[in-house]
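Dear colleague,

Please find below the structure that I am handing over to you.

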Amino acid sequence: LISLRKQQLAKLDELVKARFVEMFDERYPLFKIGDKLNTTSGGTPSRANSEFYEDGTIPWLTSGEVNTGTIYAVKNYITQKGMDHSSAKWIPENSVVVAMYGATAGQVGLLRIKTTTNQAVCSILPDPAYMPEYLYYAIKSKKTWMIAQCAGGAQPNISQSIIKKMQIIDAPLNVQRQFAVFIGQIEKSKLTIQQSLDKLELLKKSLMQEYFG
C-alpha cells in the first residue's frame, strides 16, 4: 500500500508536467525573468550570537527546505534583532523560491506563507500578471537549464543573474488561471494520498516495533 501511494503521487506529478507542456509549450513567446519580475535573496544572522536565534518568532527558510515543493511551514526561526543585523528580509507569500547553492541547487518551491530566507535562496516576487502556480511550474521546468549554466565546482552554484536570464513562457493570464485551477484539483488529490501515506508509514513503524522490538 505504501508503494502504491508513492506511485500515485509520482503519477500525479507526471500528469502536471504533461498538462503544462500541453497548455504552454511552444504556444506563446518567451521572456527573461529579470525583464518582468523582481528577484531578491536573503541573509543569515551570525550563528555566534544566540540573541539572533533564541526564542525567535520570525520564520526563516533555508535552501534545504525548498525541495518540499509547496511550502506552508519552515523549521527555523530568527529574532527581530537577528533580522536587523543581517540581509534577511520578509518575502511575501506566493513568491517562487529557488535554492542556489550546494546539493539542493535548482530546487524550486512555492511559498504559501510570509517568511524570511537565507542567502542561498533566490525569491521571485509575486506579480499580478502571473499566477504563482504557473510561475512555480514554469521555473521548475527549467531546473536542468539552471544546473547547466553552472561551470566547474563539485556542486553547482546558481546566481541571481542566472535566474534573471532564465527564459520562461509568457502565457496569457486567463490560460494561467485555467492551469492554476487544474493544479488546485491535483493538490487536493495529492494531499489526500499523502495523508494516507503518512498513516500507513506510521502503522508500518508501529508494527515493526511490535514484531521486532
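Ser123 is buried, with a relative accessible area of 0%; buried means under 20% relative accessible area, exposed over 50% and partly exposed in between, for a 1.4 Å probe and protein chains only. Ser123 belongs to strand 9, where helices (H or I, at least four residues) and strands (E, at least two) are DSSP runs numbered from the N terminus. Leaving aside neighbours within four places in sequence, Ser123 is in contact (heavy atoms within 4.5 Å) with Asn38, Thr39, Thr40, Ile91, Val96, Val97 and Thr117.

Please note that this is a predicted model, in which local features need pLDDT of at least 70 and side-chain atom pairs count only at pLDDT 80 or more, while totals for chains, interfaces and linings use all residues. Residues are numbered from 1 along each chain as its sequence is written, and side-chain values use heavy atoms, with hydrogens and water left out.

The largest nonpolar core holds 42 residues, and Phe24, Ile139, Ile163 and Phe179 touch the most other members. Such a core is a set of buried Ala, Val, Leu, Ile, Met, Phe, Trp, Tyr and Cys residues joined through side-chain atoms within 4.5 Å. Among the elements that give two or more residues to this core are helix 1 (2–24), helix 4 (132–140), helix 6 (160–165) and helix 7 (173–212). Helix 7 supplies the largest share, eight residues. Phe179 touches Val16, Arg19, Phe20, Met23, Phe24, Glu133, Tyr134 and Tyr137, not counting residues up to four places away in sequence. Apart from this core lies another, of 10 residues, including Leu61, Val66, Val74 and Val121.

Phe212 lies in helix 7 and is exposed, with a relative accessible area of 66%.

An open sheet of three strands has the order 5-3-8 with mixed pairing; two strands pair if DSSP finds at least two bridges between them. Strand 5 (76–78) and strand 8 (116–117) are the edge strands, each pairing on one side only. Strand 3 (residues 58–61) and strand 5 run antiparallel and are joined by three bridges, with Pro59 opposite Tyr77 in strand 5.

The structure holds seven salt bridges, each being a side-chain nitrogen of Lys or Arg within 4 Å of a carboxyl oxygen of Asp or Glu. In one of these, Asp13 and Lys190 have their closest N and O atoms 2.7 Å apart. The pair links distant parts of the chain, with Asp13 in helix 1 and Lys190 in helix 7, 177 residues apart. Asp13 is partly exposed at 28% relative accessible area, whereas Lys190 counts as buried at 18%.

Another salt bridge is formed by Glu133 and Arg112, with the closest N and O atoms 2.9 Å apart. Glu133 sits in helix 4 and Arg112 in the loop between strand 7 and strand 8, 21 residues apart. Glu133 is buried, with a relative accessible area of 14%, and Arg112 is partly exposed at 24%.

Yours sincerely
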